[in-house]
Amino acid sequence: MSETTLIGIIFMILGIAVIIGSLYSQKKHTLRRQAKVIDVIRRDKEEYDEERRRYIRRTYYYPVISYQVDGHEIIDECHSGSQSFMKYRPGKMIEIFCDPENPTSYRIGGTLGGFIGGAIFAIIGLVMALS
């Protein structure tokens, strides 16, 4: 078995695992709600830039959202941020999907990133494994 085939198989396995995780999250988080961005927390992170061969500082913005479930207000800082402040500006309404059994567990609506990313990994892995 060639090194390219082995790497391709690993990519396929990782891609399939990401797809399964994404589908599980969509199945678990079914309660649709509108959430309002009430604040944005700015965090600077140092990350290594391979091209420049040095650490650079990047700014990420994490929204704090407010939403209602069964008459109770829930306020939470999202675990995923963005490098664009405009994506989550205060006052913006975003769609989220909560777990009906645990409404504090949610995913931001319209995020197919896990599914698409997993599919890309799996396809690249398939091409590599077959070459």
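Colleague: Why is Asp44 called partly exposed?

Modeller: In this predicted model, Asp44 has a relative accessible area of 37%. Buried means under 20%, and exposed means over 50%. The value of 37% falls in between, so Asp44 counts as partly exposed.

Colleague: Where is Asp44, and what does it touch?

Modeller: Asp44 sits in strand 1, residues 31-49. Leaving aside neighbours within four places in sequence, Asp44 is in contact with Arg57, Arg58 and Thr59. Tyr60 is 16 residues from Asp44 in sequence, and their C-alpha atoms are 6.3 Å apart.

Colleague: What makes the pair Asp44 and Thr59 a polar contact?

Modeller: Their side chains are joined at 2.7 Å. The cut-off for a pair of N or O atoms is 3.5 Å. The value of 2.7 Å is within that limit, so the pair counts as a polar contact.

Colleague: Why is Ser66 called buried?

Modeller: Ser66 has a relative accessible area of 11%. Buried means under 20%, so Ser66 qualifies. Ser66 lies in strand 2.

Colleague: Which residues does Ser66 touch?

Modeller: Not counting residues up to four places away in sequence, Ser66 touches Gln34, Ala35, Lys36, Ile38, Glu73, Ile74 and Ile75. With Glu73 there is also a polar contact, side chain to side chain, at 2.6 Å.

Colleague: How do you know that Arg53 is exposed?

Modeller: The relative accessibility of Arg53 is 68%. Exposed means over 50%, so Arg53 counts as exposed. Arg53 is in the loop between strand 1 and strand 2.

Colleague: What about Asp70: buried or exposed?

Modeller: Asp70 is exposed, with a relative accessible area of 69%. Asp70 has a positive phi of about 50°, although it is not a glycine. Its place is the loop between strand 2 and strand 3.

Colleague: Why is Ile9 called partly exposed?

Modeller: Ile9 has a relative accessibility of 28%. That value lies between the limits of 20% and 50%, so Ile9 counts as partly exposed. Ile9 is found in helix 1, residues 3-28.

Colleague: Now the whole chain. Which pattern does the protein follow along its sequence?

Modeller: The pattern is α-β-β-β-β-β-α. There are two helices and five strands.

Colleague: How do you know that the protein is more spread out than a compact globule?

Modeller: Its radius of gyration is 19 Å. The globule rule gives 14 Å for 131 residues. The value of 19 Å is well over that, so the protein is more spread out than a compact globule. The C-alpha atoms fill a box of roughly 60 × 40 × 20 Å along the principal axes.

Colleague: How many of the 131 residues are buried, as a percentage?

Modeller: Buried residues make up 31%. The accessible surface comes to about 8,800 Å², and 58% of it belongs to carbon and sulfur atoms.

Definitions and conventions. Residues numbered from 1 in each chain as written. Predicted model: local features only at pLDDT ≥ 70, side-chain atom pairs only at ≥ 80, totals over all residues. Heavy atoms only, no water. Helix = DSSP H or I, 4+ residues; strand = E, 2+ residues; numbered from the N terminus. Rg over C-alpha atoms; globule rule 2.2 N^0.38 Å. Buried < 20%, exposed > 50% of the residue type's maximum accessible area, 1.4 Å probe, protein only. Areas by Shrake-Rupley, 256 points an atom, 1.4 Å probe, with all protein chains shown as cover. Contact = heavy atoms within 4.5 Å. Polar contact = N/O pair within 3.5 Å; in protein donor to acceptor, adjacent residues only side chain to side chain.
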